[in-house]
Amino acid sequence: MASKFTVSNRTGWLMAGPAVLLIAGFVILPFFLAFAFSFTNQRLISPNATEFVGLSNYRQLLDVTTVTLEPVRDDAGAITMKDGAPEYPSLRTLTRNNPDRPDLAGMREWFSFSLGGEDRTYVLARDVVFLTAVVNTFIFVLIVAPVQAGLALGLALLINQRLRGINVFRAIYFMPVVVSIVVVSLLWRLIYDGQSGLLNNLLGAISFGVIPPVDWLGNPSTALGSIIAMSIWQAVGFHMVIWLSGLQTISPTLYEAAAIEGASKWQVFRYITWPGLRNTAVLILIVITMQAFGLFAQIDVMTSGGPLDSTQTIVFQAIERGYGKQDISGGSAISVILFLIVLSISLIQRWLTREKT
Amino acid sequence: MAMIAADNRGLRLVTRYAVLVLIAIIFIFPLVFMLMSSLKPDQQLLQDSGNLRAFLPVGDISLQNYTDAFQRAPVATFVFNSVLVTGVTVALSLLICSAAGFAFVFVNWKGRNTLLALLLATLILPFETIAIPLLMMVAHLPWVGFDGVSWGWLNSYRVQIIPFIADGLTVFLFVQYFKDLPGELIEAARVEGASWWQIYRKIVMPLSGPIFATAAILKFLVMYNQYLWPLMVTQEEGYRPVMVGLQYFFQLNVAWGEVMAYLSMITVPVLAFYLYLQKAFIASIASTGVKG
């Protein structure tokens, strides 16, 4: 008995060992290194020794504060107007070499708002670009996750019909998934082109020239939306297939029973199809969310974060610092923040969609 | 009455197909645009993208862009690098991850439950969160070659291969599949004195064709389409794969015809492969959905 056990132990380690070692070395170790580097000033190549810097990388990224300013008044005490709006003192007087406010040194305006009265509140951040990237990434995820999951379900229901040649359509809808996102992004760069792009010409043609051409990727208000639309177009087939495999696990006898009872199409979907897809829905939501947070290639190929930082994303920022500027510690800190966001969101999703008993 | 019913059904069938075709056009038009543009000179390409001619092989059609692309960039090198890196990684991944799956399911050894749980936990780690520390790591790793010890893995094939051989998902797929194999068969073989290697080679592998295909296709797609990692670790064009090689066409003036020819060259073989093995491709994606 004892000898049999040792043999099993050795075989087990011999066969599982290579995979375990590789995953430990190239996935788990870097994960812990990300935490470790984020508390230092590590650079990719540096003549100076690495130092422990505590939380300063995180402070640099996340430091946010507010300042409330009164409008500028002239000698008579009336509010000075500029372009039809009250004028406020320049923030630069506060953030540059101001001995009274050393805490604001180096900060920049993120956005400002006014709560009714004359005063205006300015939200200052040490790293406006990073915070913009966080907001953009959340917008991306919040739009892509439900829309892509919904469209994918629609396509799956469409493809699940019994029609001749339906497999051909399934194959076509899935096609963009096997094409590299880099290739897809480049093609759409031409489609979105501001002057002779296909999209502008199409919109112009169907509206008889009423819709003016738009520089989709060059305009801060349309750039992120354009990338969202393209990303959904590329990946929707992937989740269609997962929905489809969920649909096929639902027993046909349920549908037969519903047909005998004379249930409407909506009733069939509401009471048979949807409950049968519960687990698939949870999985798809989690997978799309995780994939969406990794948004990088589209940005790198199409906009490089611009125009005016309107398409900056968390991963793009992590790569730009960690690789572009060789600032391993800054890039690692962003990676850790990204991981914490992804982890908390998947925990929340799991909790919200848990089996209620 | 019966006539109207039949007509209705016919009409509904036509609408259904119309919807399906319309959606199909949405998914396929950029790829048709790519192929057609690759055949046209730059000036005509840009003119045509204003109308339906963009999707037709009309005008001054030739393979000139393809020849030009080869002259502009070391296309053959990029393709060779991609094929080498993808091929070697897929092969090693199948071997190592299936062996691990085998050990986790069929062999009784200490620590297997803990280790399996650890490997599965890595599934929630997006690659993007470890890319930067991994870059730092590989920039300083040692390597023993024919000419002694060297430091740093940047600009090499190994830096593109070794970190991607084993991953939690592939091991998990094998574990799931092996669990459904008849365990009695393996026990019987053990009793009769077969070695673990014989059992793996002679019993498990012949029964596991579908899962090997699934794992290979998933790994192939990930590796061939990789962009972020090779972008960071290969500065020398001699080691760059096709997706990063694309940058070559954006130095100085951009010739869109050549770009389209290059995109077609690196995409069409994959699409052909997909259309040929369509069922297996779709099944492999679907199988990633059975976890949990």
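**Helix packing, core and chain contact**

The crossing of H11(A) and H14(A) is right-handed, that is, the near helix is turned clockwise from the far one by less than a right angle. This is a predicted model, where local features need pLDDT of at least 70, side-chain atom pairs count only at pLDDT 80 or more, and totals for chains, interfaces and linings use all residues. Residues are numbered from 1 along each chain as its sequence is written, while chains are lettered from A and ligands numbered from 1 in the order in which they are written.

Helices here are DSSP runs (H or I, at least four residues), numbered from the N terminus. H11(A) covers residues 278–293 and H14(A) residues 328–352; their axes come within 10 Å and cross at roughly 165°, with axes being lines fitted to C-alpha atoms over the stretch in contact and angles running from 0 to 180 degrees between N-to-C directions. That makes the pair roughly antiparallel (angles over 145 degrees). On the H11(A) side, the contact (C-beta atoms, placed from the backbone, within 7 Å) includes A:Leu285 and A:Phe293, and on the H14(A) side A:Leu338 and A:Gln349.

As for the core, the largest nonpolar one has 163 residues, with A:Ala19, A:Met240 and B:Ala100 making the most contacts inside it. Such a core joins buried Ala, Val, Leu, Ile, Met, Phe, Trp, Tyr and Cys residues through C-beta atoms within 7 Å, buried meaning 20 or more other C-beta atoms within 10 Å of a residue's own. B:Ala100 touches A:Ala19 and B:Val171, among others, not counting residues up to four places away in sequence.

Between the chains, 72 residues from chain B meet 73 from chain A. H1(B) gives the most to chain B's side, with 10 residues.

Note on methods: Contact = placed C-beta atoms within 7 Å. Helix = DSSP H or I, 4+ residues; strand = E, 2+ residues; numbered from the N terminus. Parallel < 35°, antiparallel > 145°, perpendicular 65-115°, else oblique. Buried ≥ 20, exposed ≤ 12 C-beta atoms within 10 Å, placed from the backbone.
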